[in-house]
Amino acid sequence: MWYAAALYAAVLTTFTWVRYEAFLTESDHAVFAQFTWLFGTLSAPFSSITLRPMLADHWEPAVALLAPLGAIGAGPVGILLLQALALALVAPLLLRLARQFGASSWSAAIVPLLWLVSPVVVKANLWDFHPDAFVAALLVLAVVAAKAEQSWLLIGAVALACGLKEDVGLTFAALGLVLVWNGQRRVGAILAISTATLAVFLNGILLPRLWPSTRDHYTERFVGDQAFRTRVLLDAVALAAEYAASDLSTREPLSEIRAEPSDELTLFVGDD
């Protein structure tokens, strides 16, 4: 499995390196390459690309651990290499986890190999760089540590992962509930409560206060007038259900339903 993971890391690093040299990597790669350089030179992590400080977008203080790459000028390529290595590392960890639960050699290798050839994983590696790509390896490591009852390794994996994105705590809160279900009640309860509390604090209190304009930006970008469109859609579904439940022999054509005051979304429901 280590050989397969090494091959994956080598191939994906090569592809991403070629994309980088051809100026095909996305903007997030540029943003985090700059942050790596800024941390490496002990400068304030303010992006000249997004025109915002690092914590104005997401909770990602663990990016500071990449400072050595920035200090030696290897940030752009180095973070792509680390991302490929982190995603490749998931496979040996999954193999270890399967063996912990008593899987045979061949059956234990199925899921790790599927991970390495998954288009979802490969696309995440080729598309860009994101710090939360490291979360998968840390999540599996946390499960391995919990199974082996290695508390300090569990704490370290969880702490590092929660420094990679503000919503990662919810994933580990779910893991805590699973541990409670499987009999590790004390560890599971502590993990679930602490990580869920952290996620709520980061998303509901800290980040909105650090840079309020960013919240408005993302609200407009990802929500927009979706609330209005959703209401129109639900009204149309309710009317269609009422129509279907009526006496088919006396039904009348549905009237045209038009979204107001905006004409961006117009929904027509006609005869069968």
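What follows is a talk about the labels and the values behind them.

Biologist: What makes a residue count here, and how are residues numbered?
Modeller: This is a predicted model, in which local features need pLDDT of at least 70 and side-chain atom pairs count only at pLDDT 80 or more, while totals for chains, interfaces and linings use all residues. Numbering runs from 1 along each chain as its sequence is written, and side-chain values use heavy atoms, with hydrogens and water left out.

Biologist: What is the average pLDDT of the protein chain?
Modeller: The average is 82, and 78% of the residues score at least 70; pLDDT is the predictor's confidence in each residue, from 0 to 100. Over residues 253-259 the pLDDT is below 50, and this stretch has 17 contacts in the model beyond near neighbours in sequence (a contact means heavy atoms within 4.5 Å). Residues 261-272 also stay under 50, with 16 contacts beyond four places in sequence. Where pLDDT is low, the predicted coordinates should not be read in detail.

Biologist: Which secondary structure does the protein chain have?
Modeller: There are twelve helices and four strands. They are DSSP runs numbered from the N terminus: helices are H or I with at least four residues, strands are E with at least two.

Biologist: Why is the pair Phe32 and Phe35 called edge-to-face?
Modeller: Rings of Phe, Tyr and Trp (its six-membered ring) pair if their centres lie within 6.5 Å; planes under 30 degrees apart count as stacked, over 60 as edge-to-face and the rest as tilted. By this rule there are three aromatic pairs. The ring centres of Phe32 and Phe35 are 6.1 Å apart and their planes are at 70°, so the pair is edge-to-face. Both residues lie in helix H2 (residues 27-40), three residues apart, about one turn of the helix.

Biologist: What makes Phe32 and Phe129 edge-to-face?
Modeller: Their centres are 5.7 Å apart with the planes at 70°, so this pair is edge-to-face. The pair links distant parts of the chain, 97 residues apart: Phe32 is in H2 and Phe129 in the loop between helix H6 (119-127) and helix H7 (135-148). Phe32, Phe35, Phe129 and Phe134 form one aromatic cluster.

Biologist: Are Phe32 and Phe129 buried or exposed?
Modeller: Both are buried; the label means under 20% relative accessible area, with exposed over 50% and partly exposed in between (1.4 Å probe, protein chains only). Phe35 is buried as well. The buried residues of H2 pack against helix H1 (2-21), strand S1 (46-47), helix H3 (67-71) and H4.

Biologist: Why is Leu42 called exposed?
Modeller: Its relative accessible area is 79%, so Leu42 is exposed. Leu42 lies in the loop between H2 and S1, and its phi is near 60°, a positive value in a residue other than glycine.

Biologist: How do you know that Glu149 counts as exposed?
Modeller: Its relative accessibility is 63%, so Glu149 counts as exposed. Glu149 lies in the loop between H7 and helix H8 (151-162).
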